[in-house]
Amino acid sequence: MLSELLAQGAPIHDGWAAAAALGFGAGIWMFYSGFAALMLKRKIEDTPLSKIRSVAVGLAELQGHAAPLEDLKEPILLQPCVYYKINIEIERIKRVKNANGQVVNLKYWSTYQTKESSAPFTLHDDTGVVIVFPENADMRININNYCYQSDQGDFPAQGIDYCTTQGLDPLQQKIRISGQHIRPGDALYVLGYAGIAQGRWSDQEKIAQLISKVKANPGEYLGPIKSLDMNQDSHIDEQEMSQAVSKEADKLLEQNKETFCELVISEGSQGIFIISDSSEKETIAALSIQSPALLIVGPTLTLLSAVVIFKYLSQ
């Protein structure tokens with residue numbers, strides 16, 4: 001249609017000019033995105049996939065299964081998860097001119113709220129565990145996705161309750177809720193910066209917390225004080241208490257070993273951070289299609305849009 005318009009030499013009205021301006025910017029964005037996708041593909045190909053036990057500090061590529069560090073539920077479906085993101089949109093109407101110059105009603109979706117969890121979770125494989133901080137990650141989640149509209153029969157009751165708490169009325173307004181989440185046990189591919197666990201996430205800090213917990217409540221963890229009196233002198237000396245605390249701390253350490261790790265995965269200074277439910281090979285395959293398509297379509301759209309804009313300004 002655009003090529004016919006240019007070939008016929010028809011005048012360019014304001015609507016086409018505005019669309020061309022948007023197309024010009026979109027074409028530049030597509031080219032930039034295609035180039036970024038190509039660089040990311042090469043980075044993934046150059047980064048070896050590692051087992052968690054052998055990960056070194058720096059850019060790391062891992063595959064494993066997600067597990068929670070704290071209780072977290074997806075706010076619409078109320079399902080246990082390690083990560084979620086929801087988007088609430090409202091249908092709005094505005095008056096615009098169409099191609100014939102007539103004023104018509106244009107319906108469009110306007111974002112009302114976007115909510116995303118940032119709680120850390122763990123990634124496990126058969127060799128170990130790391131903590132993942134998902135903040136600022138490029139989340140490429142294709143499973144556990146949903147989309148509901150309030151004017152359709154499948155809108156969940158939990159969605160109505162949540163919208164009400166956010167000042168919306170799904171019974172009177174046309175609302176669309178979409179979301180994605182990662183469930184415990186989901187297989188994930190992670191590309192990010194591996195760093196040493198610090199503060200309350202480090203093994204040493206967790207061990208110290210366990211020992212302090214036992215010392216603060218010896219009756220709860222160590223049982224009757226009499227059982228600690230190894231030399232039966234009716235007195236619990238410092239050595240006996242220390243041995244008992246150390247023994248019980250070892251038990252707690254064994255019970256909590258799944259949450260102990262030396263490394264954490266986050267965005268890092270390079271700005272490369274992907275969390276995906278697709279494997280490494282699937283991610284590379286998707287980028288192999290995405291990058292050349294954008295690199296071709298982007299400049300083409302920019303060129304055509306520039307021609308339309310030039311023709312509009314020249315008429």
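Tutor: Strands (E, at least two residues) and helices (H or I, at least four) are DSSP runs, numbered from the N terminus. The model is predicted: local features need pLDDT of at least 70 and side-chain atom pairs pLDDT 80 or more, while totals for chains, interfaces and linings use all residues. Residues are numbered from 1 along each chain as its sequence is written, and side-chain values use heavy atoms, without hydrogens or water.

The chain has 7 helices and 11 strands. Of its 315 residues, 38% are buried (under 20% relative accessible area; exposed is over 50%, partly exposed in between; 1.4 Å probe, protein chains only). Among contacts (heavy atoms within 4.5 Å) with a separation of 6 or more, 73% are between residues 24 or more positions apart.

The residue to look at is Ser276, which sits in strand E11, residues 274-276. Ser276 has a relative accessible area of 2%, so it is buried. Leaving out residues up to four places away in sequence, Ser276 touches Arg140, Ile141, Ala187, Leu188, Tyr189 and Thr283. With Arg140 there is also a polar distance to note: a polar atom of the Ser276 side chain lies 3.4 Å from the backbone oxygen of Arg140. The cut-off for a polar contact is 3.5 Å between N or O atoms; within protein, one must be able to donate a hydrogen and the other to accept it, and sequence neighbours count only if both atoms are side-chain atoms.

Arg140 leads on to the charged pairs. Its side chain meets that of Asp138 in a salt bridge, 2.9 Å from N to O (side-chain nitrogen of Lys or Arg within 4 Å of a carboxyl oxygen of Asp or Glu). Arg140 is partly exposed at 24% relative accessibility, and Asp138 is partly exposed at 33%. Elsewhere, shared partners join Glu91, Asp151 and Lys174 into one network of salt bridges.

By this rule there are 6 salt bridges. In one of them, Arg176 and Glu89 have their closest N and O atoms 2.9 Å apart. Arg176 belongs to strand E8 (residues 175-182) and Glu89 to strand E2, so this pair ties together parts 87 residues apart in sequence. Both partners, Arg176 and Glu89, are buried.

A further salt bridge joins Lys174 to Glu91, with 3.3 Å between the closest N and O atoms. Because Lys174 lies in the loop between helix H3 (157-165) and E8, and Glu91 in strand E2, the pair ties together parts 83 residues apart in sequence. Lys174 is partly exposed at 28% relative accessible area, as is Glu91 at 23%.

Glu74 is a charged residue without such a partner. It is found in the loop between strand E1 (58-68) and strand E2 (83-97). Glu74 is buried but has no salt bridge, and the nearest side chain of opposite charge, that of Arg183, is 9.0 Å away (Lys and Arg count as positive, Asp and Glu as negative; His and the chain ends are not counted). Beyond four places in sequence, Glu74 touches Gln79, Cys81, Tyr84, Ile86, Tyr146 and His181.
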